[in-house]
Amino acid sequence: MIIDPTLSFKDVAFIVCTAFKNAGATVILSGGGAATIYAPDAYQSRDLDFVFDFWSRTGTPEKPLIDLGYERKGNFYRHPQSPFTIDIIDTPLSIGDEEITKWDTLVRGDQSLNIITPTDCVRDRLMWFMGTRPDYSGLEQALYVAKEQSIDLNLIEKWMKSQGEADRFEIFRSRLES
Amino acid sequence: MSKSPSGFFGTAARTNTLLAVYMLGETYPAQVAEVLGLRVYLVQRAIESLEEAGMVVSGLEGNQRRVKINPRLIYKTELEALLQKMSVNAVDLQKKMAEYRRRPRRIGKEL
């Protein structure tokens with residue numbers, strides 16, 4: 001597998017995830033990168049945030065990336081032939097305080113991509129819309145994904161209300177239904 | 001500027017400023033001005049007026065003046081319920097606010 005400038009964001013995501021799988025590790029795409037996979041026409045991230053599955057958080061985490069030609073630059077990995085940044089996150093996959101233990105796996109030929117579910121992707125983006133200083137870009141990204149994918153709106157409603165964010169859920173729902 | 005009941009809290013600038021402050025949680029005059037497409041001095045005047053009425057409070061944080069809904073307002077719950085209704089319909093304003101990334105990028109990530 002070779003990283004070159006013609007590869008799309010999705011191509012790179014598949015290659016990197018598969019490289020880790022071949023090395024015996026499980027990484028899961030999260031963050032804005034997951035939103036880009038689910039709503040590619042609406043939202044374009046330049047960052048691939050991969051989180052290690054618990055049982056993979058040992059050994060030399062970066063070797064599969066180095067073998068692909070990535071170089072460590074500070075906290076991130078960059079490839080001379082790709083515009084996309086890779087971030088490997090060594091904390092549990094979570095949304096707020098809730099640890100996430102289930103995800104989807106997309107398969108393409110002999111490559112695979114572990115990725116948070118569309119519902120969790122929406123929740124992850126909505127996290128930025130919640131709190132005392134809401135980031136409305138999080139709302140827009142959540143909407144992009146929710147309009148393109150099948151999501152569990154009841155779960156999202158219960159979750160946001162449990163976080164004291166019933167009002168912001170109403171904004172999300174109103175926009176989703178418009 | 002987003003469609004909201006303009007003049008509901010006096011002038012359109014005053015009403016939209018209050019709505020923007022509510023929607024942004026904590027903000028500062030220049031950000032409100034940019035989101036609303038208004039001159040900063042108009043927003044500052046609106047904030048002063050709203051602060052006199054007790055609806056918002058402002059304070060210096062470093063060299064920036066930050067403003068938010070007054071947490072001690074006796075009818076804060078009712079006011080926020082009204083502003084919440086208005087914000088649900090203020091789709092243009094939501095989209096304008098989305099153009100501002102408010103969360104930090106990790107050090108080293110390009111903007």
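Predicted model: local features only at pLDDT ≥ 70, side-chain atom pairs only at ≥ 80, totals over all residues.
Residues are numbered from 1 along each chain as its sequence is written, chains are lettered from A and ligands numbered from 1 in the order in which they are written, and side-chain values use heavy atoms, with hydrogens and water left out.

Chain B contains five helices and three strands, where helices (H or I, at least four residues) and strands (E, at least two) are DSSP runs numbered from the N terminus. Along the sequence of chain B these elements follow the pattern α-β-α-α-β-β-α-α. Of the 111 residues of chain B, 45% count as buried, a term that means under 20% relative accessible area, with exposed meaning over 50% and partly exposed lying in between (1.4 Å probe, protein chains only). When contacts in chain B between residues at least 6 apart in sequence are considered, 55% join residues at least 24 apart, contact being defined as heavy atoms within 4.5 Å.

The three strands of chain B form an open sheet in the order β1-β3-β2, and the pairing is antiparallel; two strands are said to pair if DSSP finds at least two bridges between them. Strands of a sheet pair through backbone hydrogen bonds, either parallel or antiparallel. The edge strands are β1 (26-27) and β2 (56-61) of chain B, each of which pairs on one side only. Two bridges link β1(B) in the antiparallel sense to strand β3 (residues 64-69) of chain B, and B:Thr27 stands opposite B:Val67 in β3(B). Helix α3 (residues 40-52) of chain B packs on this sheet, where it touches β2 and β3 of chain B, and its direction makes about 120° with that of β2(B).

Among the helices of chain B, the axes of α1 (residues 12-24) and α4 (residues 76-89) come within 10 Å and cross at roughly 95°; such axes are lines fitted to C-alpha atoms, for helices over the stretch in contact, and angles run from 0 to 180 degrees between N-to-C directions. Helices α1(B) and α4(B) are therefore roughly perpendicular to each other, given that angles under 35 degrees count as roughly parallel, over 145 as roughly antiparallel, 65 to 115 as roughly perpendicular and the rest as oblique. On the side of α1(B), the contact is made by B:Thr15, B:Leu18, B:Leu19, B:Tyr22 and B:Met23, and on the side of α4(B) by B:Leu79, B:Glu80, B:Leu83, B:Gln84, B:Met86 and B:Ser87.

In helix α5 (residues 91-98) of chain B, the buried residues are B:Leu93, B:Gln94, B:Met97 and B:Ala98. These residues cover an arc of only 145° around the axis, which puts them on the same side of α5(B); the arc is that of the directions from the helix axis to the C-beta atoms. The cover over the buried residues of α5(B) includes α5 (136-148) and α7 (166-177) of chain A, together with α1, α2 (29-36) and α4 of chain B.

In chain A, strand β3 (residues 71-73) is joined by three bridges to strand β4 (residues 76-79), and the two run antiparallel, with A:Lys73 opposite A:Phe76 in β4(A). Strands β3(A) and β4(A) form a hairpin with two residues between them, and A:Gly74 in the turn has a positive phi of about 70°. Strand β4(A) pairs in turn with strand β5 (residues 82-89) of chain A in the antiparallel sense over two bridges, and a hairpin joins β4(A) to β5(A) through two residues. On its other pairing described here, β5(A) is joined by five bridges to strand β2 (residues 47-52) of chain A, and these strands run parallel, with A:Asp49 opposite A:Asp87 in β5(A). Six of the eight residues of β5(A) are buried, so that the strand is mostly covered.Strand β8 (residues 104-108) of chain A is joined to strand β9 by five bridges, and the two run antiparallel. Five of the five residues of β9 (residues 111-115) of chain A are buried, so this strand is largely enclosed by the rest of the structure. Both faces of β9(A) are covered, with A:Gln111, A:Leu113 and A:Ile115 buried on one side and A:Ser112 and A:Asn114 on the other.
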